[in-house]
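Me: I would like to go through this structure with you. Could we begin with the overall picture and then turn to some local details?

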Amino acid sequence: MALSISFSLLLIFLSHFPSSHAEPFIGVNYGQVANNLPPPSETAKLLQSTSIQKVRLYGADPAIIKALAGTDVGIVIGAANGDVPSLASDPNVATQWINSNVLPFYPASRIILINVGNEVLMSNDPNLVNQLLPAMQNVQKALEAVSLGGKIKVSTVHSMTVMGNSEPPSAGSFAPGYQAGLKGILQFLSDTGSPFIINPYPFFAYQSDPRPETLSFCLFQPNAGRVDSNTGIKYMNMFDAQVDAVHSALKSVGFEKVEIVVAETGWPSRGDTNEVGPSVDNAKAYNGNLIAHLKSMVGTPLMPGKSVDTYIFALYDENLKPGPSSERAFGLFKTDLSMAYDAGLAKSSSSGQTPSGKVTSTGWCVPKNGATDEQLQSSLDWACGQGIDCGPIQPGGACFEPNNVASHAAFAMNMYFQKSPKQPTDCDFSKSATMTSQNPSYNSCVYPGGGGGGGSKAVMNRYVNSDKLEKKNGAVEPYVSSSLCFLLISMHLFFHVNM
């Protein structure tokens, strides 16, 4: 009996640690405003080669939904704004919509969410706004009539303009003009367990404040951070700040427990000459660092320990979209199915070890003496874009402190080297890196490498401030998480009492 209970406790404990093979919180937007997209069947194969687990469609294209059958990719489908009036006025229309767009494909195609309308509250059409909630309710009832209520959620998408205040994050609130329209929607979401869906874009925040420090803050790069004057929390990136502002807004109107889903966020790889921010380097940095941040499972300061479901915009460039050039340049992949740049979405991205799971190198790859911050920042961005797990150097990660370019670059360089065939050229980084036999690990920040058992040692190195280490007689103490210590002590006591 004691063994059974203790084993159950162990399983509960381990369930809090994320699997390295599945990132169910990473999705992508599959827009179709283009005339050069690959066939849906080829896109389905592409998705299966990545860690993308969910796809958001703006409509309900039957060819795409059918192509995703059997892939276990979660599918979000949408009812267009033009469908809202008829869905609201006649429950039979909602029933017919479900019969046409869901039942022929489910459950082989894993439809998980229906978005009724897109940014309807921002349409400035009072009639359409008033019809949104009845349309959502009728779609929900149609799902319940075929025993799919709860299995497929119903919601709607909002832009960040729904926010009246988002700075500091703890003071986040909805704009007064939208609160009346949101009240019933939020109650519906709460009653049905459906998410509040929002489109935060640090890219647009940077365009409105194009300072170098704002760019670093938006791209998850080392920066001074921004302190929330109400809570004292220091935010290290714009994404967390925006999401937490939405959380605070929900809390302010009594719906703190409603889940937040990010329907769109991304960064364009090119733009017009008068546009601030679009570039391949910035797109790769934003999306690559965002993905690493999500994989770290750190969460946000106000919602720690769980990554928000996030759909990156977008799968492909859409060459027929109107507006500035950047609108046609958000694609993670080219239409020939090759990467626009490596944002760390390959399935092998989650591991910094060799295929056997054992580290076979005989040292660590770290920055050279004299390497400049500019060189190291470039190497850091490049390494994290090559499919390695840079989650530990994101805010809250085991290797985030000290928060400086040299420390973060050291971790990223070594992770890339350990994943590579470990040739001398793999630890070059434009002549800014070198091999060392001294283990750079410290506290709970473990650098894979060393071989021959050397990886178990932890010695202070020049990238780490001495006040960040737990030292005893000049040596760094081995680190074990407090949660694991508590579990082991509890199990020991349990066995001692019950044996």
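Me: What should I know about the model before reading any values?
Reply: This is a predicted model: local features need pLDDT of at least 70, side-chain atom pairs count only at pLDDT 80 or more, and totals for chains, interfaces and linings use all residues. Residues are numbered from 1 along each chain as its sequence is written, and side-chain values use heavy atoms, with hydrogens and water left out.

Me: How many helices and strands are there in the chain?
Reply: The chain has 14 helices and 18 strands; these are DSSP runs numbered from the N terminus, helices being H or I with at least four residues and strands E with at least two.

Me: And what share of the residues counts as buried?
Reply: Of the 499 residues, 49% count as buried, where buried means under 20% relative accessible area, exposed over 50%, and partly exposed in between (1.4 Å probe, protein chains only).

Me: Let us move to H11. What span should it have, and what is the distance between its end C-alpha atoms?
Reply: Helix H11 (residues 280-295) has 16 residues and should span 22 Å at 1.5 Å a residue, and its end C-alpha atoms are 22 Å apart, which agrees. The expected span is 1.5 Å times one less than the number of residues.

Me: How many of its residues are buried?
Reply: In H11, 14 of the 16 residues are buried, so the helix is largely enclosed by the rest of the structure.

Me: How do H12 and H13 pack?
Reply: Helix H12 (residues 373-384) and helix H13 (residues 405-419) pack at about 40°, with their axes 9 Å apart. Axes are lines fitted to C-alpha atoms, for helices over the stretch in contact, and angles run from 0 to 180 degrees between N-to-C directions. H12 and H13 are therefore oblique to each other; angles under 35 degrees count as roughly parallel, over 145 as roughly antiparallel, 65 to 115 as roughly perpendicular and the rest as oblique.

Me: Which residues meet there?
Reply: Among them are Leu 376, Leu 380 and Trp 382 in H12, and Ala 409, Met 413 and Tyr 416 in H13; contact means heavy atoms within 4.5 Å.

Me: Which peptide bonds are cis?
Reply: Cis bonds include the one from Tyr 106 to Pro 107, with omega near 10°, and the one joining Glu 401 and Pro 402, with omega about -5°. Pro 402 is in the loop between H12 and H13.

Me: What is phi of Phe 220?
Reply: Phi of Phe 220 is near 65°, a positive value in a residue other than glycine. At 8% relative accessibility, Phe 220 counts as buried.
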